[in-house]
Amino acid sequence: MTDEDIIKKVKEAIIDMDLETAKNVCENALNQGIKPFDIIKDGIGSAVKKVGDLFETKEYFLSELIMAGEIITQIMQILKPYIKSDGKAKAKVVLGTAKGDMHDIGKNIVRNFMQAEGFEVIDLGVDVPTDRFIEAIRVEKPQILAISVLISASMPEVEKVMKALNKEGLREKVKVVIGGAPVTQQFVDDIGADGYANDAIDGINICKRWAQE
Ligand code: B12
């Protein structure tokens, strides 16, 4: 089977909610030498887009979103050991999902990649209110703040964090990168953050650049 065929099978297994096949195909993909991020981007990424579309058109329901989330979490456990670092120590990052938002699969992928790249990551979890972000920045003194947001309703919460950083005099102390499906470069510019990441690798490349500055 070609790499493309096998990645297509990962995608189909997630859309079909077939956990066992998804796990088996992922293992085959890794054995065949396919890079974990290609599985994440072209397999998982395009599957979740389809699952999201089916949810919007009411062909799938919340139970399918939950199941897709569970399958992806389990696939990530298989991929994690294959995500390798170049070993150089990087910067400290405070990471969290915006208030009101419980999505954490993308955030956890970002965390795994960052840790593999030698970043020290303080993961505040999901549904993180502004105060907790601010407190963590005061206490941990990270060089980077990374926020994930998946639902549009929580996007204003990210803006609140930016306003609080300014108000508390912390804005100059951290670079801020935002990622997640509804985020755009325009949104990042509008709220005055520093970086927009389309996917985890994009985000990590931005952070690596900042760490070297
Ligand atoms: C799985 C899923 C769930 C699971 C989440 C499980 C979990 N533990 O995370 C559950 C079932 C809990 C769920 C719940 C809901 N969900 Co939901 N969910 C999804 C789904 C299908 C996949 C999301 C996912 O995990 N993607 C896989 C990861 C790998 O992709 P990702 O998150 O985009 O992350 C990548 C990049 O964006 C980036 N990235 C992400 N964050 C960050 C951060 C930084 C700093 C960086 C650098 C990069 C980065 O890197 C990642 C890897 O490359 C999406 C569909 C979609 N198109 O996204 C809907 C979706 C996000 N959900 C949606 C909705 C509406 C809901 C609910 C409101 C449904 C309901 N009626 O209850 C609730 C919300 C609950 C809440 N308060 O948060 C909508 C949001 C619409 C919107 N724009 O507001 C979507 C888009 C579905 C849709 N098309 O309608 N959901």
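Eight residues of domain 1 are in contact with six residues of domain 2, where contact means that the C-beta atoms of two residues, placed from the backbone, lie within 7 Å. This is a predicted model, in which local features need pLDDT of at least 70 and side-chain atom pairs count only at pLDDT 80 or more, while totals for chains, interfaces and linings use all residues. Residues are numbered from 1 along each chain as its sequence is written.

On the side of domain 1 that touches domain 2, helix 3 (36–56) and helix 4 (62–79) are the elements that give two or more residues, and helix 4 gives the most, with four; helices here are DSSP runs of H or I with at least four residues, strands are runs of E with at least two, and both are numbered from the N terminus. That side of domain 1 divides into four nonpolar, two polar and two charged residues, with Ala, Val, Leu, Ile, Met, Phe, Trp, Tyr, Cys and Pro counted as nonpolar, Asp, Glu, Lys and Arg as charged, and the others, Gly among them, as polar.

Turning to the ligand, 40 residues surround it, and the closest are Gly52, Gly69, Gly106, Gly179 and Gly203; a residue is near a molecule if its C-beta atom, placed from the backbone, lies within 6 Å of it. Helix 3 gives the most to this shell, with eight residues, and the shell divides into 24 nonpolar, ten polar and six charged residues.

Why does the ligand lie between domain 1 and domain 2? Domain 1 (3–82) and domain 2 (92–212) both give residues to the shell around the ligand, so the ligand lies between them, the domain bounds coming from an automatic or database domain assignment.
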